[in-house]
Amino acid sequence: MQASDEELVALVVATQDNNAFGELVRRHQGLIRGMMARMSRNRALAEDLAQDAFIRAFQKIGSFSGTGSFKSWLCKIAYNEFLMAARKRKATDKAMEKFKGEVDDTEMPRDMGNVVDLDRALATLKDDERTAVVLCYSCGMSHSEAAEATGMPLGTVKSHVNRGREKLKAFFETAEAVA
Amino acid sequence: MTMNDAFDERLRAAFQAAQPGEDQADAFVKKVKAKMSSPMKKRVVILGGAGSTGSAIAGTQLESIFNAVQLPTEGWMASIATFASPEVMATSVLALMIGGFAFILPKRI
């Protein structure tokens, strides 16, 4: 029987077992790499950030209390890693602007309804809206978990998610109508 | 929670589809494990450099310190002083310091 995330975490905490942590990385790498790619909109940067997020998670794994899911805890760490990287590029806002200018257009468009590219749709959102939408829809966080991860008030997160969702819906409908 | 209408399902599916595939998982895990096994390279270089510089500076001062020490004429300290010149004592202290760095540096904070 396959060990649960929590059992693997307990093993890593008790024995610093690299293989057990490797299994956790294997299970969640797609989620974290996808999340970083959607947030930074730069594939190379996203890969580095995802690796750094897992290293940080390994270093802080003793702080995982087990009250929420490991996935949410990991997404929170990854989000903080993304923020720290953005701050390193002076100020978060300027960094986001910089990321905006570095959209990876070499990536093949991925379909939604056979037409639209998710990354291009996300590019139409404001930074906070994109963050909230990515955390809730990509990481599967609840609004409360996203609020805790980002430090935003719960109501603000709900507003960002709803606004972001409506914008995405409008984007996809327009794109599909044109197609 | 997010809403659960058809659009939400499509959005979740789109995020799911946008995730990197399992075929790249092994390579990614290897990269992370490689970083985990040597995450402190920079720290080792910085601390090692600082420690070596400090040890070298301290080492130049040790001999004069041991020269100025009034050694006892009896007891085990006197026995040591008989066989250990100031140079030997300075070298021993340096060896202890280097040993300390070698012990501490590989450890994680």
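Me: How do the elements of chain A run from the N terminus on?

Reply: They run α-α-α-α-α-α-α-α-α, which is nine helices and zero strands. Helices (H or I, at least four residues) and strands (E, at least two) are DSSP runs, numbered from the N terminus. This is a predicted model, where local features need pLDDT of at least 70, side-chain atom pairs count only at pLDDT 80 or more, and totals for chains, interfaces and linings use all residues. Residues are numbered from 1 along each chain as its sequence is written, chains are lettered from A and ligands numbered from 1 in the order in which they are written, and side-chain values use heavy atoms, with hydrogens and water left out.

Me: What share of chain A is buried?

Reply: Of the 179 residues in chain A, 51% are buried, meaning under 20% relative accessible area, with exposed over 50% and partly exposed in between (1.4 Å probe, protein chains only). Chain A exposes about 8,300 Å², and carbon and sulfur atoms supply 51% of that area. Areas come from the Shrake-Rupley method with a 1.4 Å probe; for residues, only the protein chains shown count as cover.

Me: And how much of the contacts in chain A comes from residues 24 or more positions apart?

Reply: Such pairs account for 63% of the contacts with a separation of 6 or more. Contact means heavy atoms within 4.5 Å.

Me: At what angle do α2 and α3 of chain A pack?

Reply: Helix α2 (residues 18-40) and helix α3 (residues 43-59) of chain A pack at about 140°, with their axes 8 Å apart. That makes α2(A) oblique to α3(A). Angles under 35 degrees count as roughly parallel, over 145 as roughly antiparallel, 65 to 115 as roughly perpendicular and the rest as oblique. Axes are lines fitted to C-alpha atoms, for helices over the stretch in contact, and angles run from 0 to 180 degrees between N-to-C directions.

Me: Which residues of α2(A) and α3(A) make the contact?

Reply: Among them are A:Phe21, A:Leu24 and A:Ile32 of α2(A), and A:Leu45, A:Leu49 and A:Phe54 of α3(A). By class, the contact has 14 nonpolar, four polar and two charged residues. Ala, Val, Leu, Ile, Met, Phe, Trp, Tyr, Cys and Pro count as nonpolar, Asp, Glu, Lys and Arg as charged, and the others, Gly among them, as polar.

Me: What about chain B: how do α3(A) and α2(B) cross?

Reply: The axes of α3(A) and helix α2 (residues 25-37) of chain B come within 10 Å and cross at roughly 55°, so α3(A) and α2(B) are oblique to each other. Residues that meet there include A:Glu47, A:Asp48 and A:Phe54 in α3(A), and B:Phe28, B:Lys31 and B:Lys35 in α2(B). This contact has seven nonpolar, one polar and five charged residues.

Me: What is A:Ser138 in contact with, sequence neighbours aside?

Reply: Beyond four places in sequence, A:Ser138 is in contact with A:Leu31, A:Met35, A:Val133, B:Phe15 and B:Gln19. A:Ser138 lies in helix α7 (residues 127-138) of chain A and is buried, with a relative accessible area of 8%.

Me: Where does A:Gln16 lie, and what is its phi?

Reply: A:Gln16 lies in the loop between α1 (5-15) and α2 of chain A. Its phi is near 55°, a positive value in a residue other than glycine. Most residues other than glycine have a negative phi. A:Gln16 is partly exposed, with a relative accessible area of 40%.
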